[in-house]
Each structure stands twice: as C-alpha cells, then as structure tokens.
Amino acid sequence: MYTKFQEHLQKELADIEAAGLYKHERIIESPQGAEIMVGGKKCLNFCANNYLGLAGNPELIKAAKAGMDARGYGMASVRFICGCQDLHKQLEKKIADFFGTEDTILYAACFDANGGVFEPLLSAEDAIISDSLNHASIIDGVRLCKAERYRYANADMADLEEQLKAAQKNRFRLIVTDGVFSMDGNVCPLDKIYELAQKYDAMVMVDESHSAGVVGKTGRGVTERYNLRGKVEILTGTLGKAFGGAMGGFTTGRKEIIDMLRQRSRPYLFSNSMAPGLVAAGIRMFDMMSETNELQDKLHENTDYFLRRMKEEGFDCKPSESAICAVMIYDAAKSQKYAAKMQEEGIFVTGFYYPVVPKGQARIRVQISAAHEHKHLDQCIEAFKKVRKEIEG
Ligand SMILES: *Cc1c(COP(=O)(O)O)cnc(C)c1O
C-alpha cells in the first residue's frame, strides 16, 4: 500500500534537497552552552535561544532533580481529570508576579499556549488583528478560531490603524503581536499599539517568547520596556528560551481570561501536565530572577559590545534592542556561503534568505547569550572578518 506514497515522498524530498532547503540537523554531544561539542570538536554556539545562559545552569539542574525526588517523574494525566501539584500552582503564581499580571495557565509549550488562546475567547462576531510577521503558532491558533482576521504589515502603525478602523464593526477586537520578531530582532512598538488599542477599543496580546528575560532593564519583557506592566490583557511565553531552555509554555494576564482558558482551551484540557522536575526548576529560575539582575545585565552588555565591535569592523548590522543581531549580507547565495564558512571556523550562526525574509534582505542571525564571554564574542567577530576576506576578497 505504501509504494506509491513512498515514491511521492521520495520525489518531494529530492526537490527540497535540490532547492537547497533540506534541513540537516547537527548532533551536539554536550550540554547546551556557549561552547558545545559537535563531531568531537569544540564549537561556539551563536544560534541558540539560550539568552540568559541558563540551559546548563547547575542550580536549575539541582532544582529539577530535587523536584523529581519530591514529586516524581511524570504526571500521567491532564489537569481537569487528576488535578495538578502544589508546584504547578507555585510556578503559575511566580510567572504572574514576574510579569505583573493577575493569573497564569501552564501549557506543555508556547506553541500550545498560542494554539489554545483564541478559539475559547473569541467567535465569529469578533476581530483578531495580527502582525504579518507573527510566529507560526499564532497563525495556527488564529486559524482554529472563527473570529474575523485582519493583518497589518510588520510594526506598521498606520496599517494597524486602518485595520482597527475596519474592525469597528466587530464586537470585540484583539491586537496580536510578537514581543520581539525573530528575524530582525526588532521590538514591537507596544507604546503605539497600546495607544491605538485605547483609541479604537481593542485588547492587546503580546507573545513574549523572544522578549521575556531579555527586553527591559530587568528582563520583564516589552511591557517593562514601555512602562505598560499589567496593562496588556494577554501575554504568552515559553520556558524553552531565556527561562532555562527546557520546555513549557504559559498564558498570563487578566483573571477571567485565564479562568476561561482553564475551562475551554483544548491544548490545556487534552494534553499532559508539565513534568514536576521542569516545574520545580522553573520555580527556582523565577526566584533567581527576583534575587539578581546579573544575567540580564551581562546579556545587555554582551549585545552592546558585539554590535559596537561589528560596526567598528564595518559590518552592516540592524539596530537591536533584543539579543538577536542581524548582520546584513543582502545576497541570498552569499549569505549561505557566509554561514557555511563560519561553521568551518567553528562558529554556529544561521543564514536567512528569501522566503524567510524579504527578497534582497538575506542576513546572518547571531544570537547573543549571557553565557558568552568577551573572548567568545571576539572569536565570532574575528571569524566574520576572516570569512568576509575570503568571500569579498
Ligand atoms: C519559540 C516561540 C514559540 C514556541 O515556543 P515553544 O515553547 O518552543 O513551543 C512561540 N512563539 C514565539 C514568538 C516563539 O519565538
């Protein structure tokens, strides 16, 4: 029965490979960190979302082990059937305190949080007004909801205003945006979004996945950056990036919204509860955030240093208020060459080109971490210089 389908897949896969779009995965033989082992060779990692360098943090490993000893390995149930542990409630409270919100609901991942946030809250009379560069999980979540869809060009406030005008006919309006867009590293203009939301009677949702732990003086995300703590109705985020890099997602915000999600959000109702070890480490992680700002300070210093040095060396970098630095190459084929040669130098960065970014806007994305020391950043900059010389002559 499989033969025809197998041939079909083999052909499609060969086409993907021929187009140069086949995703080959590298195999890491060490914990995640600034330095990783790949093929028995030490390399520098500049493509992880390990913004605060917590993925290999000994205190979090200890907390995860203690959590497993105290509360076991797994939950083996969804919450509405078996309930949850005291640890889950503690973590939900810590997340709400961190963001200055009223309540939090945990998911297995932020993909699930976004997948399960729209459909329970909005229906056909309502409007979702979404930034054109929002994450795939937001796009999928919106597809599952019957609300009318409006789209505005990335961070384009004139376009957002047009869409808000058009959506005045709807019952409720929800503006949805990523906090940081992962291709340019630009922060959403939440101050202006919030103003327009007030003017046109709309609610606001921000996905803080790339911004939480990073943006704002103390890493409380874009609501800290724009002095809007507690003002935005819905925030979603992940424990899989700055917050330790393991797994877990959340929606945090207004009490009634969270309460309704507990009643009706399908990825919450029909998917397993987070494992106790991860929850315990999450609690420790938020405690660490409230004890010291060391990691955020180091990350911000590292990012400033990297961008300043790269500019001094004549590289064209997009301005960044996040930990994502886009080194502009413009030409797609050339960007692939840069990424491959950087890898030969033992530096892992990602090349992005059309259709992931607009035509003629190819770039190398460098992700900075608090785990990086200046010597790592200097090695990365030296490699960029060497590769430029090889490519540009
Ligand atoms: C990474 C990311 C997600 C998905 O988070 P997971 O917890 O890994 O599922 C969702 N939204 C945005 C904006 C992201 O960057």
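In this predicted model, 21 residues of domain 1 are in contact with 20 residues of domain 2. On the domain 1 side, Asn49, Gln296 and Glu321 lose the most area to domain 2, together accounting for 35% of what that side buries. Let us start with this interface and then move on to the ligand and the backbone.

**The two domains**

The domain assignment gives domain 1 as 20-49 + 293-392, and domain 2 as 58-291. Taken over C-alpha atoms, the centres of domain 1 and domain 2 are separated by 28 Å. The size of an interface is often expressed as the accessible area lost when the parts come together. For domain 1 and domain 2, the buried area is about 1600 Å², with carbon and sulfur atoms giving 51% of it.

Glu321 forms a salt bridge with Arg225, and their closest N and O atoms are 2.5 Å apart.

Which elements of domain 1 supply at least two residues each to the side that touches domain 2? They are helix 13 (294-312), strand 10 (324-330) and strand 13 (362-367). Helix 13 provides the largest share of that side, with 5 residues. Sorted by class, the side of domain 1 that touches domain 2 has 9 nonpolar, 7 polar and 5 charged residues.

**Around the ligand**

The ligand is surrounded by 13 residues, and the closest are Cys110, Asp207, His210, Thr238 and Lys241.

| Residue | Atom of the residue | Atom of the ligand | Distance |
|---|---|---|---|
| Phe111 | backbone N or O | oxygen | 3.0 Å |
| His135 | side-chain N or O | nitrogen | 3.4 Å |
| Thr238 | polar side-chain atom | oxygen | 2.6 Å |

**Two backbone details**

Most residues other than glycine have a negative phi, and most peptide bonds are trans. The peptide bond from Tyr354 to Pro355 is cis, with omega near 10°. Pro355 sits in the loop between strand 12 (350-352) and strand 13. Ala76 is not a glycine, yet has a positive phi of about 55°. Where is Ala76 placed? Its loop runs between helix 2 (58-71) and helix 3 (79-82).

Key. Residues numbered from 1 in each chain as written. Predicted model: local features only at pLDDT ≥ 70, side-chain atom pairs only at ≥ 80, totals over all residues. Heavy atoms only, no water. Domains from an automatic or database assignment. Contact = heavy atoms within 4.5 Å. Buried area = accessible area lost by both parts, 1.4 Å probe. Salt bridge = Lys/Arg side-chain N within 4 Å of Asp/Glu carboxyl O. Helix = DSSP H or I, 4+ residues; strand = E, 2+ residues; numbered from the N terminus. Nonpolar A, V, L, I, M, F, W, Y, C, P; charged D, E, K, R; others polar. Near = heavy atom within 4 Å. Polar contact = N/O pair within 3.5 Å; in protein donor to acceptor, adjacent residues only side chain to side chain.
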